[in-house]
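Please have the sequence and the structure open while I talk.

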Amino acid sequence: MHLHEFQAKQLFAEVGIPVPPGAPASSVTDAVAVAQQLGGSQWMIKAQIHAGGRGKAGGIRRADSLEQVEAVAAEMLGMRLATAQTGATALPVNWLLIEQPVSVAREIYLASIVDRGRERPMIMASAAGGMDIEQVAREHPEKILTAVVEPAVGLLPYQCRRLAFDLGLGAQVKQFSRIMSGLYRLLMEKDASLVEINPLVLTSEGELLALDAKLVLDDNALFRQERLAELRDASQEDEKEAEARRLGLSYVSLTGNIACMVNGAGLAMATMDLIKLHGGEPANFLDVGGTATAERVAAAFKLILSNPQVKAILVNIFGGIVRCDLIAEGIIQAVREVHVSVPVVVRLEGTQVDRGRELLSQSGLSIIAANDLTDAAEKAVAAVGVL
(Lines give C-alpha, C1' and ligand atoms only; values in the text may rest on other atoms or scores of the structure.)
Protein backbone atom coordinates (compact mmCIF):
# COMPACT_ATOMS: atom_id res chain seq x y z
CA MET A 1 0.00 0.00 0.00
CA HIS A 2 1.34 3.40 -1.04
CA LEU A 3 1.06 6.62 0.94
CA HIS A 4 0.88 10.12 -0.46
CA GLU A 5 3.92 12.35 -0.08
CA PHE A 6 2.25 14.52 2.55
CA GLN A 7 1.29 11.44 4.58
CA ALA A 8 4.83 10.07 4.40
CA LYS A 9 6.26 13.44 5.46
CA GLN A 10 4.00 13.48 8.50
CA LEU A 11 5.55 10.16 9.51
CA PHE A 12 9.02 11.53 8.72
CA ALA A 13 8.46 14.43 11.10
CA GLU A 14 7.39 12.02 13.87
CA VAL A 15 10.79 10.27 13.77
CA GLY A 16 12.84 13.46 13.44
CA ILE A 17 13.49 13.53 9.69
CA PRO A 18 13.47 17.23 8.67
CA VAL A 19 10.99 18.21 5.94
CA PRO A 20 10.17 21.61 4.39
CA PRO A 21 7.36 23.61 6.06
CA GLY A 22 4.11 22.67 4.36
CA ALA A 23 0.62 21.22 4.65
CA PRO A 24 -1.90 19.38 2.46
CA ALA A 25 -4.96 20.92 0.84
CA SER A 26 -7.97 19.28 -0.82
CA SER A 27 -9.66 22.49 -2.01
CA VAL A 28 -8.62 25.81 -3.55
CA THR A 29 -9.68 27.64 -0.40
CA ASP A 30 -7.53 25.36 1.75
CA ALA A 31 -4.56 25.81 -0.60
CA VAL A 32 -4.70 29.60 -0.28
CA ALA A 33 -5.14 29.32 3.50
CA VAL A 34 -2.09 27.05 3.79
CA ALA A 35 0.00 29.46 1.71
CA GLN A 36 -1.07 32.37 3.92
CA GLN A 37 -0.23 30.39 7.05
CA LEU A 38 3.21 29.44 5.73
CA GLY A 39 3.96 33.06 4.86
CA GLY A 40 6.55 34.27 2.39
CA SER A 41 6.07 35.29 -1.23
CA GLN A 42 6.66 32.00 -3.04
CA TRP A 43 5.20 28.53 -2.65
CA MET A 44 5.61 25.12 -4.26
CA ILE A 45 2.36 23.39 -5.22
CA LYS A 46 2.77 19.62 -5.57
CA ALA A 47 0.11 17.29 -6.96
CA GLN A 48 -0.37 14.26 -4.75
CA ILE A 49 -0.56 10.99 -6.68
CA HIS A 50 0.94 7.56 -6.12
CA ALA A 51 3.64 7.94 -8.76
CA GLY A 52 6.96 9.66 -9.33
CA GLY A 53 7.98 11.89 -12.21
CA ARG A 54 5.42 14.56 -11.28
CA GLY A 55 7.73 17.48 -11.95
CA LYS A 56 8.36 16.58 -15.60
CA ALA A 57 4.61 16.00 -16.08
CA GLY A 58 3.62 19.42 -14.76
CA GLY A 59 2.53 18.19 -11.36
CA ILE A 60 4.90 20.44 -9.39
CA ARG A 61 4.54 24.18 -9.89
CA ARG A 62 5.88 27.37 -8.28
CA ALA A 63 3.50 30.18 -7.34
CA ASP A 64 4.73 33.74 -6.80
CA SER A 65 1.54 35.21 -5.33
CA LEU A 66 -1.59 34.13 -3.49
CA GLU A 67 -3.56 34.75 -6.68
CA GLN A 68 -1.26 32.36 -8.50
CA VAL A 69 -1.66 29.79 -5.71
CA GLU A 70 -5.41 30.02 -6.22
CA ALA A 71 -5.13 29.69 -10.00
CA VAL A 72 -2.70 26.75 -9.94
CA ALA A 73 -4.68 24.92 -7.25
CA ALA A 74 -7.88 25.36 -9.27
CA GLU A 75 -6.12 23.96 -12.33
CA MET A 76 -4.57 20.97 -10.56
CA LEU A 77 -7.34 19.77 -8.27
CA GLY A 78 -9.59 17.36 -10.10
CA MET A 79 -7.21 16.89 -13.03
CA ARG A 80 -5.76 13.52 -14.01
CA LEU A 81 -1.97 13.42 -14.12
CA ALA A 82 0.02 10.97 -16.24
CA THR A 83 3.75 10.55 -15.60
CA ALA A 84 6.45 8.22 -16.86
CA GLN A 85 5.59 5.87 -13.99
CA THR A 86 1.83 5.81 -14.53
CA GLY A 87 2.07 5.18 -18.25
CA ALA A 88 -1.09 6.01 -20.17
CA THR A 89 -3.24 5.53 -17.07
CA ALA A 90 -3.47 8.99 -15.51
CA LEU A 91 -4.19 9.29 -11.79
CA PRO A 92 -6.67 11.77 -10.26
CA VAL A 93 -5.32 14.69 -8.23
CA ASN A 94 -7.50 15.08 -5.13
CA TRP A 95 -4.83 16.49 -2.82
CA LEU A 96 -2.11 19.11 -3.09
CA LEU A 97 0.90 19.68 -0.88
CA ILE A 98 1.75 23.36 -0.39
CA GLU A 99 5.34 23.96 0.75
CA GLN A 100 7.82 26.77 1.07
CA PRO A 101 10.53 26.61 -1.63
CA VAL A 102 14.01 25.42 -0.69
CA SER A 103 17.38 26.69 -1.93
CA VAL A 104 19.14 23.50 -3.08
CA ALA A 105 22.93 23.10 -3.18
CA ARG A 106 22.97 19.37 -4.01
CA GLU A 107 20.71 16.33 -4.17
CA ILE A 108 21.17 12.86 -2.65
CA TYR A 109 19.22 9.62 -2.87
CA LEU A 110 18.54 7.77 0.40
CA ALA A 111 16.24 4.83 1.13
CA SER A 112 15.67 1.96 3.52
CA ILE A 113 14.42 -1.21 1.84
CA VAL A 114 13.97 -4.93 2.40
CA ASP A 115 16.65 -6.80 0.45
CA ARG A 116 14.85 -10.06 -0.27
CA GLY A 117 17.98 -11.69 -1.65
CA ARG A 118 19.92 -11.15 1.57
CA GLU A 119 16.79 -11.44 3.74
CA ARG A 120 17.92 -8.31 5.54
CA PRO A 121 16.98 -4.63 5.79
CA MET A 122 19.31 -2.44 3.77
CA ILE A 123 20.10 1.26 3.48
CA MET A 124 20.77 2.43 -0.06
CA ALA A 125 22.28 5.82 -0.92
CA SER A 126 23.66 7.64 -3.93
CA ALA A 127 25.14 11.03 -4.68
CA ALA A 128 23.03 10.96 -7.86
CA GLY A 129 19.85 12.10 -6.13
CA GLY A 130 16.79 13.45 -7.88
CA MET A 131 17.20 10.91 -10.70
CA ASP A 132 15.62 7.57 -11.56
CA ILE A 133 17.58 5.34 -9.19
CA GLU A 134 16.94 2.27 -11.41
CA GLN A 135 18.64 4.07 -14.28
CA VAL A 136 21.57 5.04 -12.06
CA ALA A 137 21.92 1.44 -10.84
CA ARG A 138 21.82 0.14 -14.41
CA GLU A 139 24.20 2.65 -15.99
CA HIS A 140 26.45 3.57 -13.04
CA PRO A 141 26.26 0.80 -10.41
CA GLU A 142 29.39 2.15 -8.73
CA LYS A 143 27.34 5.17 -7.62
CA ILE A 144 25.06 3.02 -5.44
CA LEU A 145 26.20 2.77 -1.81
CA THR A 146 24.68 0.25 0.57
CA ALA A 147 24.67 -0.75 4.22
CA VAL A 148 23.17 -4.14 5.09
CA VAL A 149 21.61 -4.26 8.56
CA GLU A 150 21.63 -7.26 10.88
CA PRO A 151 18.13 -7.16 12.48
CA ALA A 152 19.38 -8.64 15.75
CA VAL A 153 21.53 -5.57 16.44
CA GLY A 154 19.88 -2.95 14.25
CA LEU A 155 21.43 -0.08 12.32
CA LEU A 156 24.84 0.74 13.83
CA PRO A 157 26.32 4.25 14.15
CA TYR A 158 29.44 3.40 12.14
CA GLN A 159 27.26 2.43 9.16
CA CYS A 160 25.64 5.87 9.20
CA ARG A 161 29.02 7.63 9.48
CA ARG A 162 30.54 5.58 6.69
CA LEU A 163 27.73 6.40 4.25
CA ALA A 164 27.83 10.07 5.24
CA PHE A 165 31.57 10.34 4.56
CA ASP A 166 31.23 8.36 1.31
CA LEU A 167 28.63 10.91 0.20
CA GLY A 168 30.90 13.81 1.12
CA LEU A 169 28.79 14.99 4.05
CA GLY A 170 31.52 15.65 6.58
CA ALA A 171 29.82 18.61 8.28
CA GLN A 172 26.41 16.94 8.25
CA VAL A 173 27.37 13.54 9.68
CA LYS A 174 25.23 13.84 12.81
CA GLN A 175 22.17 15.09 10.96
CA PHE A 176 22.57 12.45 8.24
CA SER A 177 22.87 9.74 10.88
CA ARG A 178 19.61 10.88 12.50
CA ILE A 179 17.85 10.83 9.13
CA MET A 180 19.25 7.40 8.27
CA SER A 181 18.16 6.06 11.67
CA GLY A 182 14.70 7.53 11.16
CA LEU A 183 14.31 5.77 7.82
CA TYR A 184 15.34 2.45 9.35
CA ARG A 185 12.95 2.98 12.26
CA LEU A 186 10.03 3.62 9.89
CA LEU A 187 10.91 0.55 7.84
CA MET A 188 10.80 -1.68 10.89
CA GLU A 189 8.06 -0.10 13.00
CA LYS A 190 5.60 0.55 10.17
CA ASP A 191 6.07 -2.79 8.37
CA ALA A 192 7.23 -0.96 5.25
CA SER A 193 8.90 -2.49 2.22
CA LEU A 194 10.34 0.85 1.08
CA VAL A 195 10.99 4.22 2.72
CA GLU A 196 12.59 6.59 0.24
CA ILE A 197 13.83 10.17 0.06
CA ASN A 198 14.56 11.31 -3.48
CA PRO A 199 15.94 13.82 -3.25
CA LEU A 200 17.40 14.41 0.17
CA VAL A 201 18.74 17.91 -0.40
CA LEU A 202 21.60 19.84 1.11
CA THR A 203 20.36 23.42 1.31
CA SER A 204 22.45 26.52 0.71
CA GLU A 205 22.49 26.94 4.49
CA GLY A 206 24.15 23.53 4.93
CA GLU A 207 21.08 21.69 6.28
CA LEU A 208 19.62 18.40 5.08
CA LEU A 209 15.93 18.26 4.14
CA ALA A 210 13.71 15.50 2.78
CA LEU A 211 12.38 17.31 -0.28
CA ASP A 212 10.31 14.31 -1.34
CA ALA A 213 9.02 11.27 0.52
CA LYS A 214 7.84 7.83 -0.52
CA LEU A 215 6.60 5.10 1.78
CA VAL A 216 5.27 1.69 0.68
CA LEU A 217 3.66 -0.58 3.26
CA ASP A 218 3.51 -4.37 3.19
CA ASP A 219 -0.15 -5.23 2.55
CA ASN A 220 0.26 -8.49 4.46
CA ALA A 221 1.11 -6.56 7.64
CA LEU A 222 -1.66 -3.96 7.52
CA PHE A 223 -3.57 -5.80 10.24
CA ARG A 224 -0.82 -4.53 12.58
CA GLN A 225 -0.99 -0.99 11.17
CA GLU A 226 -4.63 0.01 11.59
CA ARG A 227 -3.84 3.72 11.73
CA LEU A 228 -1.90 3.59 8.47
CA ALA A 229 -4.40 1.27 6.77
CA GLU A 230 -7.00 4.03 7.16
CA LEU A 231 -4.83 6.26 4.93
CA ARG A 232 -5.41 4.10 1.85
CA ASP A 233 -6.52 6.20 -1.12
CA ALA A 234 -8.58 3.89 -3.32
CA SER A 235 -8.82 6.56 -6.03
CA GLN A 236 -5.12 5.96 -6.79
CA GLU A 237 -5.56 2.24 -7.32
CA ASP A 238 -6.77 0.17 -10.24
CA GLU A 239 -10.55 -0.22 -9.83
CA LYS A 240 -10.45 -3.93 -10.62
CA GLU A 241 -7.65 -4.54 -8.12
CA ALA A 242 -9.61 -2.68 -5.43
CA GLU A 243 -12.72 -4.74 -6.20
CA ALA A 244 -10.67 -7.96 -6.09
CA ARG A 245 -9.33 -7.04 -2.67
CA ARG A 246 -12.90 -6.52 -1.45
CA LEU A 247 -13.84 -9.97 -2.78
CA GLY A 248 -10.80 -11.62 -1.23
CA LEU A 249 -9.15 -12.36 -4.59
CA SER A 250 -5.52 -11.71 -5.53
CA TYR A 251 -5.65 -9.73 -8.78
CA VAL A 252 -3.18 -7.61 -10.74
CA SER A 253 -4.06 -5.89 -14.01
CA LEU A 254 -1.75 -6.44 -16.98
CA THR A 255 -1.79 -5.21 -20.57
CA GLY A 256 -2.56 -8.38 -22.56
CA ASN A 257 -5.79 -9.92 -23.84
CA ILE A 258 -5.80 -13.46 -22.37
CA ALA A 259 -7.35 -13.43 -18.92
CA CYS A 260 -6.07 -15.98 -16.39
CA MET A 261 -8.03 -17.54 -13.54
CA VAL A 262 -5.91 -19.89 -11.44
CA ASN A 263 -5.89 -21.29 -7.91
CA GLY A 264 -2.47 -20.72 -6.38
CA ALA A 265 0.04 -17.91 -6.88
CA GLY A 266 2.83 -20.15 -8.17
CA LEU A 267 0.53 -21.87 -10.64
CA ALA A 268 -0.73 -18.45 -11.78
CA MET A 269 2.83 -17.29 -12.47
CA ALA A 270 3.55 -20.49 -14.42
CA THR A 271 0.33 -20.01 -16.41
CA MET A 272 1.32 -16.49 -17.42
CA ASP A 273 4.79 -17.70 -18.38
CA LEU A 274 3.32 -20.39 -20.66
CA ILE A 275 1.02 -17.87 -22.32
CA LYS A 276 4.03 -15.65 -23.05
CA LEU A 277 6.09 -18.62 -24.22
CA HIS A 278 3.46 -19.47 -26.83
CA GLY A 279 3.16 -15.94 -28.16
CA GLY A 280 0.27 -14.58 -26.11
CA GLU A 281 -0.05 -11.75 -23.60
CA PRO A 282 -1.72 -12.27 -20.20
CA ALA A 283 -4.37 -9.70 -19.25
CA ASN A 284 -4.08 -10.26 -15.53
CA PHE A 285 -2.77 -12.24 -12.60
CA LEU A 286 -5.70 -13.79 -10.71
CA ASP A 287 -5.44 -16.25 -7.85
CA VAL A 288 -8.86 -17.41 -6.65
CA GLY A 289 -7.33 -19.30 -3.74
CA GLY A 290 -7.39 -22.91 -2.66
CA THR A 291 -11.17 -23.05 -2.20
CA ALA A 292 -12.43 -22.18 -5.68
CA THR A 293 -16.18 -22.29 -4.96
CA ALA A 294 -18.83 -21.53 -7.58
CA GLU A 295 -19.42 -18.13 -6.01
CA ARG A 296 -15.72 -17.21 -6.11
CA VAL A 297 -15.39 -18.45 -9.67
CA ALA A 298 -18.41 -16.38 -10.75
CA ALA A 299 -17.00 -13.30 -9.03
CA ALA A 300 -13.66 -13.91 -10.75
CA PHE A 301 -15.32 -14.18 -14.17
CA LYS A 302 -17.16 -10.90 -13.62
CA LEU A 303 -13.94 -9.23 -12.55
CA ILE A 304 -11.80 -10.29 -15.49
CA LEU A 305 -14.57 -9.59 -18.02
CA SER A 306 -14.81 -6.00 -16.78
CA ASN A 307 -11.60 -5.51 -18.77
CA PRO A 308 -12.67 -4.75 -22.37
CA GLN A 309 -9.26 -5.94 -23.67
CA VAL A 310 -9.98 -9.58 -22.71
CA LYS A 311 -10.46 -11.77 -25.80
CA ALA A 312 -10.13 -15.21 -24.17
CA ILE A 313 -10.06 -16.74 -20.69
CA LEU A 314 -7.72 -19.49 -19.52
CA VAL A 315 -8.93 -21.31 -16.40
CA ASN A 316 -6.18 -23.42 -14.83
CA ILE A 317 -7.31 -25.20 -11.66
CA PHE A 318 -5.54 -27.89 -9.64
CA GLY A 319 -8.08 -29.80 -7.58
CA GLY A 320 -6.26 -30.57 -4.39
CA ILE A 321 -8.33 -29.19 -1.53
CA VAL A 322 -11.49 -29.04 -3.67
CA ARG A 323 -12.43 -31.88 -6.05
CA CYS A 324 -12.31 -31.20 -9.80
CA ASP A 325 -15.94 -32.20 -10.30
CA LEU A 326 -17.04 -29.52 -7.85
CA ILE A 327 -14.78 -27.01 -9.57
CA ALA A 328 -16.26 -27.96 -12.95
CA GLU A 329 -19.78 -27.41 -11.59
CA GLY A 330 -18.68 -23.99 -10.38
CA ILE A 331 -17.20 -23.08 -13.78
CA ILE A 332 -20.36 -24.18 -15.59
CA GLN A 333 -22.56 -22.20 -13.21
CA ALA A 334 -20.35 -19.13 -13.52
CA VAL A 335 -20.21 -19.21 -17.33
CA ARG A 336 -24.02 -19.43 -17.49
CA GLU A 337 -24.56 -16.77 -14.85
CA VAL A 338 -22.09 -14.24 -16.25
CA HIS A 339 -22.98 -14.92 -19.94
CA VAL A 340 -19.36 -15.21 -21.04
CA SER A 341 -19.04 -14.35 -24.74
CA VAL A 342 -15.30 -14.97 -25.27
CA PRO A 343 -13.59 -18.37 -25.64
CA VAL A 344 -12.98 -20.17 -22.34
CA VAL A 345 -10.15 -22.69 -22.15
CA VAL A 346 -10.20 -24.93 -19.07
CA ARG A 347 -7.44 -27.15 -17.77
CA LEU A 348 -8.31 -29.29 -14.73
CA GLU A 349 -5.99 -31.61 -12.84
CA GLY A 350 -6.26 -33.43 -9.54
CA THR A 351 -8.88 -35.34 -7.57
CA GLN A 352 -11.90 -36.50 -9.64
CA VAL A 353 -10.41 -34.89 -12.76
CA ASP A 354 -12.12 -37.36 -15.14
CA ARG A 355 -15.55 -36.58 -13.70
CA GLY A 356 -14.79 -32.86 -13.88
CA ARG A 357 -13.83 -33.05 -17.56
CA GLU A 358 -16.96 -35.10 -18.27
CA LEU A 359 -19.17 -32.44 -16.71
CA LEU A 360 -17.54 -29.74 -18.82
CA SER A 361 -17.96 -31.71 -22.05
CA GLN A 362 -21.64 -32.44 -21.30
CA SER A 363 -22.48 -28.87 -20.26
CA GLY A 364 -23.49 -27.74 -23.72
CA LEU A 365 -21.33 -24.66 -23.33
CA SER A 366 -18.55 -23.65 -25.70
CA ILE A 367 -15.82 -24.51 -23.21
CA ILE A 368 -12.51 -25.64 -24.73
CA ALA A 369 -11.00 -28.49 -22.72
CA ALA A 370 -7.22 -28.78 -22.37
CA ASN A 371 -5.23 -31.85 -21.35
CA ASP A 372 -2.31 -30.07 -19.73
CA LEU A 373 -0.93 -26.58 -19.13
CA THR A 374 0.98 -26.39 -22.42
CA ASP A 375 -2.11 -27.51 -24.32
CA ALA A 376 -4.18 -24.89 -22.47
CA ALA A 377 -1.77 -22.08 -23.28
CA GLU A 378 -1.60 -23.08 -26.95
CA LYS A 379 -5.40 -23.24 -27.24
CA ALA A 380 -5.88 -19.88 -25.51
CA VAL A 381 -3.38 -18.17 -27.79
CA ALA A 382 -4.99 -19.83 -30.84
CA ALA A 383 -8.47 -18.72 -29.70
CA VAL A 384 -7.32 -15.12 -29.58
CA GLY A 385 -5.62 -15.44 -32.95
CA VAL A 386 -8.80 -16.44 -34.78
CA LEU A 387 -10.97 -13.63 -33.35
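At what angle do helix 11 (residues 324–338) and helix 12 (residues 353–361) pack, and how far apart are their axes? Before I answer, please note that this is a predicted model, in which local features need pLDDT of at least 70 and side-chain atom pairs count only at pLDDT 80 or more, while totals for chains, interfaces and linings use all residues. Residues are numbered from 1 along each chain as its sequence is written, and side-chain values use heavy atoms, with hydrogens and water left out.

The answer is an angle of about 20°, with the axes of helix 11 and helix 12 7 Å apart. Axes here are lines fitted to C-alpha atoms, for helices over the stretch in contact, with angles running from 0 to 180 degrees between N-to-C directions; helices (H or I, at least four residues) and strands (E, at least two) are DSSP runs, numbered from the N terminus. That angle makes helix 11 roughly parallel to helix 12, given that angles under 35 degrees count as roughly parallel, over 145 as roughly antiparallel, 65 to 115 as roughly perpendicular and the rest as oblique. On the side of helix 11 the contact (heavy atoms within 4.5 Å) is made by C324, D325, A328, E329, I331 and I332, and on the side of helix 12 by V353, R355, G356, L359 and L360. Those residues divide into seven nonpolar, one polar and three charged, where Ala, Val, Leu, Ile, Met, Phe, Trp, Tyr, Cys and Pro count as nonpolar, Asp, Glu, Lys and Arg as charged, and the others, Gly among them, as polar.

Moving to helix 5 (residues 157–166) and helix 6 (residues 173–189), their axes come within 9 Å and cross at roughly 120°, which makes helix 5 oblique to helix 6. Helix 5 contributes Q159, C160, R161, L163, A164 and F165 to this contact, and helix 6 contributes V173, F176, S177, M180 and S181; by class, that is seven nonpolar, three polar and one charged.

The axes of helix 2 (residues 28–38) and helix 3 (residues 66–76) also come within 9 Å, crossing at roughly 145°. Here V28, A31, V32, A35 and Q36 of helix 2 meet L66, V69, E70, A73 and A74 of helix 3, and the contact has eight nonpolar, one polar and one charged residues.

Helix 6 returns in the lining of the second largest pocket, to which helix 6, strand 8 (120–126) and strand 10 (192–203) each give two or more residues. Of its 13 lining residues, the closest to the centre are V114, L187, D191, A192 and S193, and the lining divides into seven nonpolar, one polar and five charged residues.

Finally, the backbone. E119, in the loop between strand 7 (104–115) and strand 8, has a positive phi of about 55° although E119 is not a glycine.

Note on methods: On a 1 Å grid over the protein atoms alone, a cavity is a set of points where a 1.4 Å probe fits but cannot get out, and a pocket is an open set with protein on both sides within 12 Å along at least five of seven lines; lining residues have an atom within 4 Å of a point.
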